[in-house]
Amino acid sequence: MKVLELKNVNKIYDGSEVHVHAVNNVTLEFQEAEFAAIVGPSGSGKTTLLNLIGGLDMPTSGKIIIDGSDLSGLKSSQLIDFRMRNIGFVFQAYNLIPVLTAKENVEFIMNLQKWSRKERDERTFELLKAVGLGDRMNSRPSKLSGGQQQRVAVARALASRPKFVLADEPTANLDSKSATTLLEIMEKLNHEEKITFIFSTHDARVVKMAHRVITLEDGSVVSDDIRE
Amino acid sequence: MIWKTAWKNVWRNRIRSLVVIASVTVGIFAGIFAVAFMNGMIAQRFDAAIDEEISHIQITGKDYVLNNDPQIMMSREDNIIPSIGSLSGISGIVQRTLVTGMAGTASKNAGVQIVGIAPEKEKEIFTLHKTIIPGTGDYFERESKFDLALIGQDLAKELNIIRFVIDSAVLIKLENQKVPAEILTKLSVISGKRFPNEKKFTSVVTSLLSKSELREYGQLIKKEAWSFRENSRMTLTFLDMDNNQVSSVFRIAGVYDIKNAMFEQVQVFVRNDVLCRLAGIDENSFHQLVIRINDLNQTVAITDEIRSGWPGLDVRNWKELQPDLAMMTDYVHQIYGLFMGIILAALAFGIINTMLMVVLERTRELGMLTAIGMNKRRVFSMIMLESVFLSLIGGVVGMIFGWLSVLLSAKNGINFAQYAEGMEAFGYSAHIFPEITFSFFILITILIIITGIASSVYPALKALRLDPAEAIRTE
């Protein structure tokens, strides 16, 4: 089932001194439960493309259709609500709320969606257990390692059962062992939860584990390999 | 979750938050204490004015006040007293005879208003009988073959019927009040010497003591050295109803002290029958009716009722007799609100500064929150709540300190004895008992919340303007 479609998407930054075609006529489709990596050299437009897919930025032209809805037709407030309900985010720098515990960070978005306490507790426990942090639920981020924090961030991204998860360089700040553990967990959750994962990455390990690898150069898709 | 996060965020940078909280605490504490102090001062002035000076309503014959014509009188035969006295809401009514004249002793004269009263009836309206300075006599209690007059402390000083003396009894009293021995030694030089007036006494004491000793103990020494010349006499001179000059010698019945120099200098009280006899006034006639009412809120209604029932009389209530008092009591809460508002406005700048730093420091986090779906209303609420929490914590602590300080100082009052002369010249007691109402704390709480919200608006708007994609990349 198609969860995301990009049609002739362009993003041009047109300043007084610079003119950058960051995303150039990209057309892509993502199916349910895909585990896809967007790769390419620095400045190839990976992060810009993820921002466009995540509704954090608007394309200069083209359409981004998520679950049948065109993002460009949504108002700012509708877009925020749309993101909350449909997209999970994992950031390079983890970006957990430092004053909240792992459990509170994970259930934050469920709170925004007004889930009941019982539902929240069950889902939080299920996810933190799945990322191997069932015993660190009440730890604050400062008491967790980088790898553990990123695992909490993955649990948070999946908490409200989004259509897909966008992960911008999720392993960039992790050591090799932590990165491998994280990727295994994400692959497992991708399989179990049937949620599409889209990464931007330089990390060969991520590329190796991805089921699909999209290569960008100068904002254009130069290859799109789907592996069996 | 927004509340919980905002609360936890307050304590993210403990020291910075505590500095803001401390500044709010000090501001609110100072504000509450200052307001309680002003409130106590005004309440005391109000009580003194009503209980000792003017009561609630005064009635005179038409244009008596305008012309000051002693011939304009009311008569008991008109049944005014029982008729007005029976109106609902009135708790007491007395008649008075008023004559303008001169009070004189061998050395001094002063213009006075001689008020003819029925002492026992007056006690139903006024508490002047409770203000007699011990040792100066009483409130027309004792029998005397002489005509008696009750005068104020300031008139007694004006007429030189007091004296100042430092004797062994005074030195013992001062010692008991913890006046240092070295000061007592200095004062013992003038022991037994009598000073006929305050000026001469002050001049000698000033030459004996240092400035700091005078500042600390000057008023106390003056208070203890002051004594009334017993069995003093004075002459009251005035015109009778036939415009003939009448002079009569009065013994001082007692000296009252109501901490209002203007009143004390002018108002001399004598028995009504004595004044009527001397001034040739029919005892059934009188110049003034003074009324006390049960409920202050009924002042205007009762005044209007009397005015409409007796259109031939001049009726004035306390608000009209002392407009300054009315203004103070009517607008006092607005003034206190404004006062606290100014303090909180000053504090708001500190809170705004802190909240701006908060937004700047958490740019990436705020970007992340917007990215994952926290809408603008929630982001705004979170920052606003954080600001309100900061203000409220400081406010509540400040209120507790303020309340405790009022509680402690109200027990014994705060005595500004060194400024007594100046304050009493305006009718204010120098011994102030701060007081505050519960409703004022509610007002402050509301003001603090408003301040917290107002202080958060600009920082919160800055947070709302953040571009999440850019904010997330902020280092």
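## Close-ups of chain B

View 1. Strand E6 (residues 162-165) of chain B runs antiparallel to E8(B), and three bridges join the two. This is a predicted model, in which local features need pLDDT of at least 70, side-chain atom pairs count only at pLDDT 80 or more, and totals for chains, interfaces and linings use all residues. Residues are numbered from 1 along each chain as its sequence is written, while chains are lettered from A and ligands numbered from 1 in the order in which they are written. Helices (H or I, at least four residues) and strands (E, at least two) are DSSP runs, numbered from the N terminus, and two strands pair if DSSP finds at least two bridges between them. Look for B:Arg163, whose bridge partner in E8(B) is B:Ser227. The whole thing is an open sheet of three strands in the order E7-E6-E8, with antiparallel pairing. Strand E7 (194-195) and strand E8 (226-228) of chain B sit at the edges with a single partner strand each, so one side of each has no neighbour in the sheet.

**View 2. Strand E10 of chain B and its two partners.** On one hand, strand E10 (residues 245-256) of chain B pairs with strand E5 (residues 148-152) of chain B in the parallel sense over five bridges. Here B:Leu150 is found opposite B:Gly254 in E10(B). On the other, strand E9 (residues 233-239) of chain B pairs with E10(B) in the antiparallel sense, this time over seven bridges. B:Arg233 has B:Arg251 as its bridge partner in E10(B). Five residues lie between the strands of the E9(B) and E10(B) hairpin, where B:Asn243 takes a positive phi near 65°.

**View 3. The side of chain B that touches chain A.** How many residues does each chain bring to the contact? There are 19 residues from chain B and 19 residues from chain A (C-beta atoms, placed from the backbone, within 7 Å). Helix H1 (2-10), helix H16 (363-372), helix H17 (376-412) and helix H20 (468-472) of chain B are the elements giving two or more residues to this side of chain B. H16(B) gives the most, with six residues. Sorted by class, this side of chain B has eight nonpolar, five polar and six charged residues. Ala, Val, Leu, Ile, Met, Phe, Trp, Tyr, Cys and Pro count as nonpolar, Asp, Glu, Lys and Arg as charged, and the others, Gly among them, as polar. For the complex, the predictor gives an ipTM of 0.87 and a pTM of 0.75.

View 4. An automatic or database domain assignment supplies the bounds: domain 1 (2-49 + 325-473), domain 2 (63-160 + 230-311) and domain 3 (162-228) of chain B. The C-alpha centres of domain 1 and domain 2 of chain B are 49 Å apart. Their contact takes five residues from domain 1 of chain B and five residues from domain 2 of chain B. On the domain 1 side, that comes to two nonpolar, two polar and one charged residues.

**View 5. Confidence along chain B.** Confidence in chain B is lowest in helix H18 (residues 420-425), at a mean of 76, and highest in strand E11 (residues 267-271), at 96.

Technical notes: Two residues are in contact if their C-beta atoms, placed from the backbone, lie within 7 Å. pLDDT is the predictor's confidence in each residue, from 0 to 100.
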